[in-house]
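I opened my notebook to look up a few things in one protein model. I wanted its fold, its cores and its pocket.

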Amino acid sequence: MAWWKAWGSRDDVSSFVDPALALQDAQDLYAAGEKIRGTDEMKFITILCTRSATHLLRVFEEYEKIANKSIEDSIKSETHGSLEEAMLTVVKCTQNLHSYFAERLYYAMKGAGTRDGTLIRNIVSRSEIDLNLIKCHFKKMYGKTLSSMIMEDTSGDYKNALLSLVGSDP
C-alpha cells in the first residue's frame with residue numbers, strides 16, 4: 001500500500017503491540033535517520049502516522065536502545081521547521097496527551113501577551129473530553145493551577161468564560 005493511502009488509518013482501538021513489529025519499526029526509523037547521511041522523512045511520517053499510540057510507545061523504547069538517544073533527539077537532529085514540529089507533536093501526544101495540552105495552555109499564557117487563539121481552542125476542544133486530567137497535569141508540571149494562571153493573564157467576560165469552562169480546581 002502506498003504511504004499516502006495509509007494516512008488516517010491509525011489503529012488506536014487495539015492496545016495489542018506486536019513486539020517484533022515494534023522492533024522492526026525502531027530499526028527502520030534508525031536506518032532512515034541516524035544510520036544514514038540525510039533522512040528518509042517518509043519512513044518517519046509513515047510510522048508516526050499509521051501506528052497506534054501503544055505501538056509507538058514500544059517503538060520509542062526500542063529506538064532508544066538501538067540509537068542510544070531518544071526519538072525526540074533524533075527528530076531534532078534529522079529534521080527542521082514544520083516537519084520537525086509536527087513529528088515532535090506526534091511524539092509528545094503519544095507519550096502523554098494530557099501533559100502535551102497542559103504545556104500548550106501554559107505557553108499560551110506565559111510571558112508577555114496571551115496567545116488567545118491557542119488558549120481558547122485548547123480549553124474549548126478539551127472541555128468535555130479530558131480537561132480535568134489536563135488541569136491535574138498542569139498543576140504537577142507548573143506548580144500552579146490552570147484557573148490561577150487564567151485569572152492572572154486574562155480579564156473581564158473573557159476571563160469569566162474561560163473560568164466557567166475550566167471549572168473548579170482539582
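My entries follow, starting with the ground rules.

**Ground rules.** This is a predicted model, and I kept to its limits: local features need pLDDT of at least 70, side-chain atom pairs count only at pLDDT 80 or more, and totals for chains, interfaces and linings use all residues. Residues are numbered from 1 along each chain as its sequence is written, and side-chain values use heavy atoms, with hydrogens and water left out.

**Overall fold.** I looked up the secondary structure and found 11 helices and 0 strands. Helices here are DSSP runs (H or I, at least four residues), strands are E runs of at least two, and both are numbered from the N terminus. I noted the box for the C-alpha atoms: roughly 55 × 35 × 30 Å along the principal axes.

**Burial and surface.** How many of the 170 residues count as buried? I got 36%. Buried means under 20% relative accessible area, exposed means over 50%, and partly exposed lies in between (1.4 Å probe, protein chains only). The chain exposes about 9600 Å², and carbon and sulfur atoms supply 52% of that. Those areas come from the Shrake-Rupley method with a 1.4 Å probe.

**Cores.** I looked next for nonpolar cores, which are sets of buried Ala, Val, Leu, Ile, Met, Phe, Trp, Tyr and Cys residues joined through side-chain atoms within 4.5 Å. The largest has 19 residues, and Leu 29, Phe 44 and Ile 75 are among those that touch the most other members. Helix α4 (53–67) is one of its suppliers. A second, separate core of 17 residues includes Tyr 106, Ile 123, Phe 138 and Ile 150.

**One residue.** I picked Asn 122, in helix α8 (residues 116–126). Is Asn 122 buried or exposed? Asn 122 is buried, because its relative accessible area is 6%. Leaving aside neighbours within four places in sequence, Asn 122 is in contact (heavy atoms within 4.5 Å) with Phe 101, Arg 104 and Leu 105.

**Pocket.** Last, I checked the largest pocket. A pocket is an open set of points on a 1 Å grid over the protein atoms alone, where a 1.4 Å probe fits, with protein on both sides within 12 Å along at least five of seven lines; lining residues have an atom within 4 Å of a point. About 210 Å³ of space lies in it. Arg 104 is on the lining list, including also Glu 85 and Tyr 107. Helix α7 gives the largest share of the lining, 5 residues. The lining divides into 4 nonpolar, 2 polar and 5 charged residues.

Key:
Grid points are joined across faces, edges and corners, and a volume is the space filled by probe spheres set on the points. Ala, Val, Leu, Ile, Met, Phe, Trp, Tyr, Cys and Pro count as nonpolar, Asp, Glu, Lys and Arg as charged, and the others, Gly among them, as polar.
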